[in-house]
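Hello,

Here is the structure I promised to pass on to you. Have a look at it first, and my notes follow below.

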Amino acid sequence: MQRDVKETVREWLENDVVDLFLGYRMMDGHVLPHAFVKNRLEEADDIVSGPVRYPLEKLAAEIVAKHPDVRIGLLVRDCNQRALNVLAVWNRIDPGHVKTLNLNCCPSKLIEHGDCSYLEPTATGPYKRQVGIDNNMAPQDLESYDPGDRIMRWMYEFQKCIKCYGCRNICPVCFCKDCSLEHPELIETGELPPEFPIFHLTRAVHMAGRCIDCGLCEDACPADIPLRLLYRKVNEIVKDVFDYQTGTSPDQSPFNVLGDQVTLEPRPIGTA
Ligand code: SF4
Ligand code: SF4
Ligand code: SF4
């Protein structure tokens, strides 16, 4: 199947189906995001389609912002596809300019739509703590703690934060030019850990109707804070209240589920 990916990328580039293809390539012993292009076609032989995850769609949106006419081929798993839908909803990318090559999380399968079993929580995880929160918990299990206990556990988790911004930087749907998390009137510069709860609450609120539950933030967090669980909870509320499931379609917007009450003004692709 690996051969099919290489062949498809070659074919798309050779036949000008796309101008460039965003995927992964092994370089100097590391798997890195890479733009494959027609005049370096031989590089397509090095494409890696194993279980590597990076928000390639975020890179695609940045390229399109600078070169609006470019046609991009993109290696996507289900989480990338959901992020792509969100980027389309937020007018960051025109789906018409992106041709996707879909892969399951399983490295050996090239299928139309994969599943996300790679990220499914297991019943017993390695992250048992005395006073924190188990990364593998379901939101309803977390709610079985009384409110005081719950807040103490989140405080325990958030006090480990070193404000590295890894969670925001890796997030496929965090794309604002001026990020609130760096606004000095909201988040005090140089304070570690960031003041409880404003830093994490701000990001959690921004992930409402936006987080596609890819888990990259949690993977990136050097403090192992259960961020995915926090954003899952936020989006459970969005689903209950607005009947909006993030990332399921490039057309359904969190704004138009409110009917006539809110309208999203179209703006040029790539503006913040
Ligand atoms: S899980 Fe984390 S990285 Fe993924 S979309 Fe949600 S907030 Fe962003
Ligand atoms: S959504 Fe919020 S946290 Fe993410 S980049 Fe924008 S302002 Fe920053
Ligand atoms: S990645 Fe973790 S440590 Fe870094 S800012 Fe985000 S929550 Fe804090």
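Which residues of H2 meet which residues of H3? Leu56, Glu57, Lys58 and Ala61 in H2 meet Asn80, Ala83, Leu84 and Leu87 in H3, where contact means heavy atoms within 4.5 Å. By class, that contact has 5 nonpolar, 1 polar and 2 charged residues; Ala, Val, Leu, Ile, Met, Phe, Trp, Tyr, Cys and Pro count as nonpolar, Asp, Glu, Lys and Arg as charged, and the others, Gly among them, as polar. Helix H2 (residues 56–66) and helix H3 (residues 78–89) pack at an angle of about 35°, and their axes are 9 Å apart. The axes are lines fitted to C-alpha atoms, for helices over the stretch in contact, with angles running from 0 to 180 degrees between N-to-C directions.

A word on conventions. This is a predicted model, in which local features need pLDDT of at least 70 and side-chain atom pairs count only at pLDDT 80 or more, while totals for chains, interfaces and linings use all residues. Residues are numbered from 1 along each chain as its sequence is written, chains are lettered from A and ligands numbered from 1 in the order in which they are written, and side-chain values use heavy atoms, with hydrogens and water left out.

The overall picture

The chain has 9 helices and 4 strands, which are DSSP runs numbered from the N terminus (helices H or I, at least four residues; strands E, at least two). From the N terminus on, the order of elements is α-β-β-α-β-α-β-α-α-α-α-α-α. Of the 272 residues, 46% count as buried; buried means under 20% relative accessible area, exposed over 50%, and partly exposed in between (1.4 Å probe, protein chains only). Among contacts between residues at least 6 apart in sequence, 68% join residues at least 24 apart.

The largest nonpolar core has 69 residues, and Val9, Phe21, Leu74, Leu75, Ile93 and Tyr231 touch the most other members. Such a core is a set of buried Ala, Val, Leu, Ile, Met, Phe, Trp, Tyr and Cys residues joined through side-chain atoms within 4.5 Å.

Back to H2 for a moment: Leu56, Glu57, Lys58, Ala60, Ala61 and Val64 are buried there, and the buried residues of this helix pack against strand S1 (20–27), strand S2 (30–37), strand S3 (72–76), H3 and H6.

The ligands

A residue counts as near a ligand if one of its heavy atoms lies within 4 Å of it. Around ligand 1 you will find Cys171, Pro172, Val173, Arg203, Met207, Cys211, Ile212, Asp213, Cys214, Gly215, Cys217 and Tyr231, a shell of 9 nonpolar, 1 polar and 2 charged residues. Ligand 2 is surrounded by Cys174, Phe175, Cys176, Cys179, Ser180, Leu181, His206, Met207 and Arg210, dividing into 6 nonpolar, 2 polar and 1 charged. The shell of ligand 3 includes Cys161, Cys164, Tyr165, Cys167, His200 and Cys221, and its residues divide into 9 nonpolar, 2 polar and 1 charged.

Several of these names come up again elsewhere. Tyr231, leaving aside its neighbours within four places in sequence, is in contact with Arg203, Ala204, Met207, Cys211 and Cys217. In helix H7 (residues 198–206), Phe199, His200, Thr202, Arg203 and Ala204 are buried; their cover includes helix H5 (147–158), helix H6 (166–170), helix H8 (216–220) and helix H9 (227–242). Tyr165 sits in the loop between H5 and H6 and has a positive phi near 70° without being a glycine. Tyr165 counts as buried because its relative accessible area is 14%.

Loops to look at

Asp28, in the loop between S1 and S2, also has a positive phi, about 50°, although it is not a glycine. Asp28 is exposed, with a relative accessible area of 79%.

The loop between H6 and H7 holds Pro193 and Pro197. Cis peptide bonds join Leu192 to Pro193, with omega about -10°, and Phe196 to Pro197, with omega about -5°.

Lastly, Gly209 lies in the loop between H7 and H8 and is buried, at 3% relative accessibility. The C-alpha atoms of Gly209 and Asn235 are separated by 6.2 Å, although these residues are 26 apart along the chain.

Best wishes
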